[in-house]
Amino acid sequence: MAMANLARRKATSLFNSTAISSDALRYSFSLSSTLSRGFASGSDENDVVVIGGGPGGYVAAIKAAQLGLKTTCIEKRGALGGTCLNVGCIPSKALLHSSHMYHEAKTRFAKHGVMVDNVQIDVAAMMGQKDKAVSTLTKGIEGLFKKNKVTYVKGHGKFLSPSEISVDTIDGDSTVVKGKNIIIATGSDVKGLPGVTIDEKRIVSSTGALALTEVPKKMVVIGAGYIGLEMGSVWARLGSEVTVVEFAPDIVPSMDGEIRKQFQRSLEKQKMKFKLKTKVVAVDTSTDIVKLTLEPSAGGDQSVLEADVVLVSAGRNPYTSALGLENIGVETDKIGRIPVDSRFSTNVKGVFAIGDVIPGPMLAHKAEEDGIACVEFIAGKEGHVDYDKVPGVCYTHPEVASVGKTEEQVKQLGIAYSVGKFPMLGNSRAKSIDDAEGLVKIIAEKETDKVIGVHIMCSNAGELIHEAALALTYGASSEDIARTCHAHPTLSEAVKEAAMATYDKAIHI
């Protein structure tokens, strides 16, 4: 009786603090199962069903369960974490770190008095460390599902109706998962190129580039975006001769122009080569060497570029096919994205979409924010994601990170602005560790001094950028940042100095 009374008090407390339906309350705090229920049957009706267990999907599922909603997550891969954890963000960062350690040992240790002879690469061991990191994190998410009582169904889901998902499980069975609210969080897939067949051996996507068994002598990367530059950087550090072919006139077109130019020069110093304003018109794999026929983007004389491995990194497409969206009338645009309103609702009542399948940046952390906000709306709360303040990071060395608007965007909008810059050469921590390449650039409205864009190129830029994201979120001025005491000596002091340069003058330059 005491346990039942405890459950009733918990249920009453939740009802008073959140605007969830009485049915959701009944499912989440059924007195017969609140304290004992583990994984529920996939055929029981859920308050929320999430299709996709990537960063958006698994975070949405956990948040829904934390809000007291009975939740099931369907994932076809059989391993949670989506592209990001299994074949994207996490394994690529593992290899970026490993390759950076090798490059440092080979080229820079001696300068610091660390003498290492005969530095060699063990690609198998490097891949093993990467795989262990992925496996550990995947199991960790499964543990979070169990902790939060999220039902996990392994299989491919397809809509039968707006409230029913047919699942072909990975063990060969089938089941139907029912839910009052369905969230599509199926992420994205590699975008192919016409006439280029990815075999994940000689012509690879980012997935194949994360699993090469040896360092290719020559690698061609098609596409100079974040993924292509990161993976090209990995293999360049390990000794591959890397050439990047890009259709556009610049690398990473979304990056601030001044930072982009310095970034390209930095990569060129690392012996990466670039062929910009160039397109691939044919690929010949008939011999041991892959031969790519290139042509200027605007047309012109052709040339041939040879490679042992070609990485296709021309972007990603939303994964919305084979979900049975046509069965229930969910609308998609011409490239397969699902239009949603401000509450992540599709045109079909009770069906929502988040992450890479909707318009916006295809970033894991953006998908997570979508997932939390979407579930908060479903639970009767208020969710919020400000897409103007989503940071982006390229995890090369140096890293490049940004949040807010570029100088080009500010000019287009006709905003009067001020710019403050500070080179890492003036930062004592960067100089003391002999890693002083890059700068911090801050853009603020001229009249109000409100910060509207921050761009950082240096080691650990991906960590420094969050001070800027917080500043933008709360409408800080550059003077607010400059008058915030920063610990010495730290790389973060470069942000403070750039802020000082924006509204007044920096000290150490």
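Visitor: Where is E200 found?
Guide: E200 sits in the loop between strand 6 (188–190) and strand 7 (203–204). Helices (H or I, at least four residues) and strands (E, at least two) are DSSP runs, numbered from the N terminus. The model is predicted: local features need pLDDT of at least 70, side-chain atom pairs count only at pLDDT 80 or more, and totals for chains, interfaces and linings use all residues. Residues are numbered from 1 along each chain as its sequence is written, and side-chain values use heavy atoms, with hydrogens and water left out.

Visitor: Why is E200 called partly exposed?
Guide: Buried means under 20% relative accessible area, exposed over 50%, and partly exposed in between (1.4 Å probe, protein chains only). E200 has 31%, so it is partly exposed. E200 also has a positive phi of about 60°, although it is not a glycine.

Visitor: What makes A322 count as partly exposed?
Guide: Its relative accessibility is 46%, so A322 counts as partly exposed. A322 lies in the loop between strand 15 (316–318) and helix 10 (325–328), and has a positive phi of about 60° without being a glycine.

Visitor: What span is expected of helix 6?
Guide: The expected span is 1.5 Å times one less than the number of residues. Helix 6 (residues 123–148) has 26 residues and reaches 38 Å from its first C-alpha to its last, close to the 38 Å expected.

Visitor: Which residues of helix 6 are buried?
Guide: Among them are V123, M126, K130 and V134. An α-helix has 3.6 residues a turn, so residues three or four places apart point the same way.
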